[in-house]
Amino acid sequence: MRLSYAEIAAYLGLPGGSDDRLLTAAVTDSREASPGALFVCVPGSRVDGHDFAAAAVARGAAAVLAQRPLPSVGAPVLLVPDTVAALGRIAALWRSRTTARVVGVTGTAGKTTLKEVLAQVLAVRGRTARNALNHNNQIGMPRAMLAADGQEDFWVMEAGISHAGDMDALGAVLRPDLGVILNAGAGHTEGLGEKGVAWHKARLLRYLASGGLGLVCADYPDLAREAGAYAAQVRWFSAAGRSADYAAAYLGPAALTDVPCGTAQADRAGELGLFRIRLEGATAAVAAPFRGAYGAENVAAVAAAAHLLGLSLEEIALGLGRAVLPAQRLARLRLGGWQVLDDTYNANPLSMRRMLEATAGQAAGVPLVAVLGEMLELGAQAAPCHEELGRQLAALGPAAVFWKGGQAEAVRAGLVRGGYAGPWLPVTDAADFVAAWERTTAGLPAGVALFKGSRGNRLEVLLAALQERLGRSEAARAQCGA
């Protein structure tokens, strides 16, 4: 951002006089403060940002946004009733100044991946800003907007919601020119109340900028109904063969010849899937860093959004072929002959089902091992959702199922009801998991393993321990053979 203290004060209805000092970023961690920063004091349950305002000023922060007076902080203070709400208002002011086309992205499963890949595709055409990883709440999204210099061609901002009213707060700040809703399923249901996830996701369409468009997946009846209730002009995409403006279908693994010339990562062809896309009648085959049905949904959304923003089919194909998935989102590793799929960043019922389907497609003819963790924040739906997960797992015929976290009884019940009689291995920590892995896989040929669970389970710790153990084993075998 490039806003003066006086501009911000006037916009917030505060006295600012003629203080024309320029503010160029907003930070909530005093350690990130630098000259020109606005330090935002965020009260928390464990720490209070007001206690670190002086440290932020000592590091160069030019002004402070606070909820209580800080008379000796050493910098001018913008005093407001709610610093988080005021941060959003400042971001809304900056959004009104940008010349960028602004894209808002939301959904239950895969929205961070969609945002990251879409931003990479749009970068083929011009400068693109986006919020980092899943910094998508009422603090992270405004901060990302304020980190942009305003001269970009595109902003791609993810809006994540956990409670009723979250989308209203985020939408009013973002005012997207294009609002993309990838999907809707059970996720954060504990905080969203009775109206349903689709209702809350579709609220993004209420906040489109003048002349803005909605881009919504037609494959979810509840979402289609809720999105259709808005007066906004909506375009539809599908990965399930429904009638829509845009569509995509998975064709299988990509070959090197499927990757466009000029794609920097053409040597990644073995990691890419091949998809057929349809953009308002025009069709083409494109390579992208996805596999299976969930991949087709993402490819359809990315291609449709880029098309609506003016990119050519050639630019879309080039961007998809170059794109790299963010860390812990179906990242592929080779460990001791096993193909390991790292999707440890988060989980909900929809993303679990999608990743299991994608993994099963890659495990044809070889053992499939599932290393999973509890899906959190589901409220009253937790037990039935976990039992259904067990049934879905059983249908895939895994060679073994490892589980970390709560709801183990519900998952186990679903596995039994689905006819699964294989190894069921609840684990508590990394050492427990590695020992159980070695016992269970000792007699199996190498296959495919999926690691996935909600963040609270920290399955990445289990994966790191397995990497270390298998790495030591490989080193020992190499020494014996030397």
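Contact means heavy atoms within 4.5 Å. Helices (H or I, at least four residues) and strands (E, at least two) are DSSP runs, numbered from the N terminus. The model is predicted: local features need pLDDT of at least 70, side-chain atom pairs count only at pLDDT 80 or more, and totals for chains, interfaces and linings use all residues. Residue numbers start from 1 along each chain as its sequence is written, and side-chain values use heavy atoms, without hydrogens or water.

**View 1. The chain is divided into domain 1 (3-80), domain 2 (98-322) and domain 3 (331-481).** These bounds come from an automatic or database domain assignment. The centres of domain 1 and domain 3, taken over C-alpha atoms, lie 46 Å apart.

**View 2. Strand β7 (residues 101-106) pairs with β9 and β10.** Two strands pair if DSSP finds at least two bridges between them. β7 runs parallel to β9 (residues 154-158) over 5 bridges. Arg-101 stands opposite Phe-154 there. A further 4 bridges join β7 to β10 (residues 178-181), also in parallel. Gly-104 has Gly-179 of β10 as its bridge partner.

**View 3. An open sheet of 6 strands runs β16-β17-β21-β18-β19-β20, with mixed pairing.** β16 (331-335) and β20 (424-426) are the edges, each with a single partner strand, so one side of each lacks a neighbour in the sheet. β16 pairs antiparallel with β17 (residues 338-343) over 5 bridges. Leu-333 has Val-340 as its bridge partner in β17.

**View 4. Helix α14 (residues 408-417) lies across β19 (400-404) and β20.** α14 runs at about 175° to β20. Axes are lines fitted to C-alpha atoms, for helices over the stretch in contact, and angles run from 0 to 180 degrees between N-to-C directions.
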